[in-house]
Amino acid sequence: PLFADGVLTVATGSEVYPPWMLDNDPAGGQGFENGFVYALAEEMGFTADQVTWVGTEFEEAIAPGAKPYDFNIQQYSITAERQEIVSFSAPYYEPDKAVIALPDSPVADATSFEELRTANWGATIGTTDLDYLENVIGIEDVAIFNDQAAVFLALSAGQIDATVAALPTALFVTAVQAPDTSIVALLTKDASDAGLGMLFDKDSPLIACVDAALERIIAAGAVDALVAEYLLPSEDIAYILE
């Protein structure tokens, strides 16, 4: 049950970023998520030239209504709230959270949630990053921004002390987008966040086919190989557990 006969139509962000996708080119196959999609497509019986990419905004895909693609992949966390509107595949990756801060931030040497609560935090509206700050760490007054780029601008300007992001995103941010910041700690993932899943129309009949192919490429080690290539830090970073 494909959106377009004979091809797998995959949506992602209107702009894409490392390490999820490189060179702002989903079709290039370089990066974790586009490499993953091509491995999945091959397992489903598609050649690379039978994969078609379309661009969407993040919030647009979560809205109710029919989707003009087979599935969307752009680091969507599987949550109960979203599952009331759309459906997801089984998780393809479960990232830890990373604390991103300036070197002189109050949280730079934090070792507990209590110490983290003394800082001024910012996050993007509608994200599991914001949920994590409010519901897991217990931050009461998070500064909310419309997009992630605005969060990092505020952080570099000293308007906030810290933010959180999925570890792979944090690796790119601290290397490229906000090189004056660094990852000062890792946080285990929220138990209410089931990991990252591909997003589908509500109750799409294609999900069972995709999940079966996903299970096979995970068992074959293809996903672990992509994680090792694109998503792991080059050095050990300490965890804050509570």
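**View 1. Strand 5 and strand 9 pair side by side in this predicted model.** Strand 5 and strand 9 (residues 182-187) run antiparallel and are joined by 5 bridges; strands count as paired if DSSP finds at least two bridges between them. Here A101 sits opposite S182 of strand 9. Strand 5 also pairs with strand 8, again antiparallel and over 5 bridges. Look for A98, whose bridge partner in strand 8 is A165. Helices (H or I, at least four residues) and strands (E, at least two) are DSSP runs, numbered from the N terminus. Residues are numbered from 1 along each chain as its sequence is written. Because the model is predicted, local features need pLDDT of at least 70 and side-chain atom pairs pLDDT 80 or more, while totals for chains, interfaces and linings use all residues, and side-chain values use heavy atoms, without hydrogens and water.

**View 2. Strand 5 is mostly covered.** Of the 5 residues in strand 5 (residues 97-101), 5 are buried. Buried means under 20% relative accessible area, exposed over 50%, and partly exposed in between (1.4 Å probe, protein chains only). K97, V99 and A101 point one way, A98 and I100 the other. In a regular strand, side chains alternate between the two faces of the sheet.

**View 3. D129 and K97 meet in a salt bridge.** Their side chains come to 2.4 Å, N to O; a salt bridge is a side-chain nitrogen of Lys or Arg within 4 Å of a carboxyl oxygen of Asp or Glu. D129 belongs to helix 4 (residues 128-137) and K97 to strand 5, so the pair ties together parts 32 residues apart in sequence. D129 counts as buried at 11% relative accessibility, and K97 counts as buried at 7%.

View 4. R216 lies in helix 7 (residues 207-219) and E43 in helix 1 (residues 32-44), so the pair ties together parts 173 residues apart in sequence. R216 is partly exposed, at 42% relative accessible area, and E43 is partly exposed, at 34%.

**View 5. Several residues line the largest cavity.** Among them are D129, Q148, F152 and T163. The lining divides into 4 nonpolar, 3 polar and 1 charged residue, and helix 5 gives the largest share, 3 residues.

Methods. On a 1 Å grid over the protein atoms alone, a cavity is a set of points where a 1.4 Å probe fits but cannot get out, and a pocket is an open set with protein on both sides within 12 Å along at least five of seven lines; lining residues have an atom within 4 Å of a point. Ala, Val, Leu, Ile, Met, Phe, Trp, Tyr, Cys and Pro count as nonpolar, Asp, Glu, Lys and Arg as charged, and the others, Gly among them, as polar.
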